[in-house]
Amino acid sequence: MREAKETRVDLQIGDGAVTIRRSGSSRVTVASVLGRETNPGTGKQTIWLDRAVHRHEETMYVGNQIWRASGAISTVLTEM
C-alpha cells in the first residue's frame with residue numbers, strides 16, 4: 001500500500017482574489033473573494049471564495065500562518 005504524501009499548499013490573499021500554489025506543481029489556482037469576516041473576539045478571519053479550489057479538509061499556509069480550507073460548493077478559508 002502506498003503511503004499518502006502531504007503536499008504543502010501556499011496561499012496568497014489579496015483584496016479581491018487568492019492564489020494557491022501546491023508544492024511539486026507549477027500550476028497556480030486563482031479564485032475570487034466573495035466575502036470576508038473577522039471575528040472580533042479572536043481577530044481571526046474567514047474568507048469565502050467563488051468556487052471550490054481545495055481538496056478535502058486541506059490545510060494551507062500564508063508564511064507560517066495556518067488556514068483550513070473546507071466547503072462543498074465553494075471554498076471557505078478559516079484562519080487557525
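Colleague: Which residue in β6 is the bridge partner of Tyr61?

Modeller: The partner of Tyr61 in β6 is Ile66. This is a predicted model: local features need pLDDT of at least 70, side-chain atom pairs count only at pLDDT 80 or more, and totals for chains, interfaces and linings use all residues. Residues are numbered from 1 along each chain as its sequence is written, and side-chain values use heavy atoms, with hydrogens and water left out.

Colleague: What counts as a strand, and as a pair of strands?

Modeller: Strands are DSSP runs of E, at least two residues, and helices are runs of H or I, at least four residues; both are numbered from the N terminus. Two strands pair if DSSP finds at least two bridges between them.

Colleague: How many helices and strands are there in the protein?

Modeller: The protein has 0 helices and 7 strands. Along the sequence that reads β-β-β-β-β-β-β. The radius of gyration, taken over C-alpha atoms, is 13 Å, close to the 12 Å of the globule rule for 80 residues, so the protein is as compact as a globular protein of that length. That rule is 2.2 Å times the number of residues to the power 0.38.

Colleague: What box do the C-alpha atoms fill?

Modeller: Roughly 45 × 25 × 25 Å, taken along the principal axes.

Colleague: Back to β5 and β6. In which sense do they pair?

Modeller: β5 (residues 58-62) and β6 (residues 65-70) pair in the antiparallel sense, over 5 bridges. Glu58 stands opposite Ala69 in β6. The two strands form a hairpin with 2 residues between them. Gly63 in that turn has a positive phi of about 65°.

Colleague: And which residue in β7 is the bridge partner of Ala69?

Modeller: Leu77. β6 and β7 (residues 76-79) run antiparallel, joined by 4 bridges. Their hairpin has 5 residues between the strands, and Gly71 there takes a positive phi near 125°.

Colleague: What about β1 and β2, how many bridges join them?

Modeller: 5 bridges, and the strands run antiparallel. Their hairpin has 3 residues between the strands. Leu11 has Ile20 in β2 as its bridge partner. Ile20 in turn is the bridge partner of Thr29 in β3. β2 and β3 also pair in the antiparallel sense, over 5 bridges. They form a hairpin with 5 residues between them, where Gly24 has a positive phi of about 85°.

Colleague: New topic. Which residues have the most contacts inside the largest nonpolar core?

Modeller: Leu11, Val18, Leu49, Met60 and Leu77, in a core of 13 residues. β1 (9-13), β2 (17-22), β3 (28-38), β4 and β6 each give two or more residues to this core. A nonpolar core is a set of buried Ala, Val, Leu, Ile, Met, Phe, Trp, Tyr and Cys residues joined through side-chain atoms within 4.5 Å. Buried means under 20% relative accessible area, exposed over 50%, and partly exposed in between, with a 1.4 Å probe and protein chains only.

Colleague: What does Leu11 touch, beyond residues up to four places away in sequence?

Modeller: Val18, Thr19, Ile20, Met60, Tyr61, Val62, Trp67 and Leu77. Contact means heavy atoms within 4.5 Å.

Colleague: Is Thr46 buried or exposed?

Modeller: Thr46 counts as buried, because its relative accessibility is 18%. Thr46 is found in strand β4 (residues 45-49). Leaving aside neighbours within four places in sequence, its contacts are Gly35, Arg36, Glu37, Val76, Leu77 and Thr78.

Colleague: And Ile73, buried or exposed?

Modeller: Ile73 is exposed, because its relative accessible area is 76%. Ile73 lies in the loop between β6 and β7. Not counting residues up to four places away in sequence, Ile73 touches Arg51 and Ala52. The C-alpha atoms of Ile73 and Arg51 are separated by 6.7 Å, though the residues are 22 apart along the chain.

Colleague: Last one. Which ring does the charged end of Arg8 sit over?

Modeller: The ring of Tyr61, 4.2 Å from its centre. A charge sits over a ring if NZ of Lys or CZ of Arg is within 6 Å of the ring centre and within 35 degrees of the ring normal.
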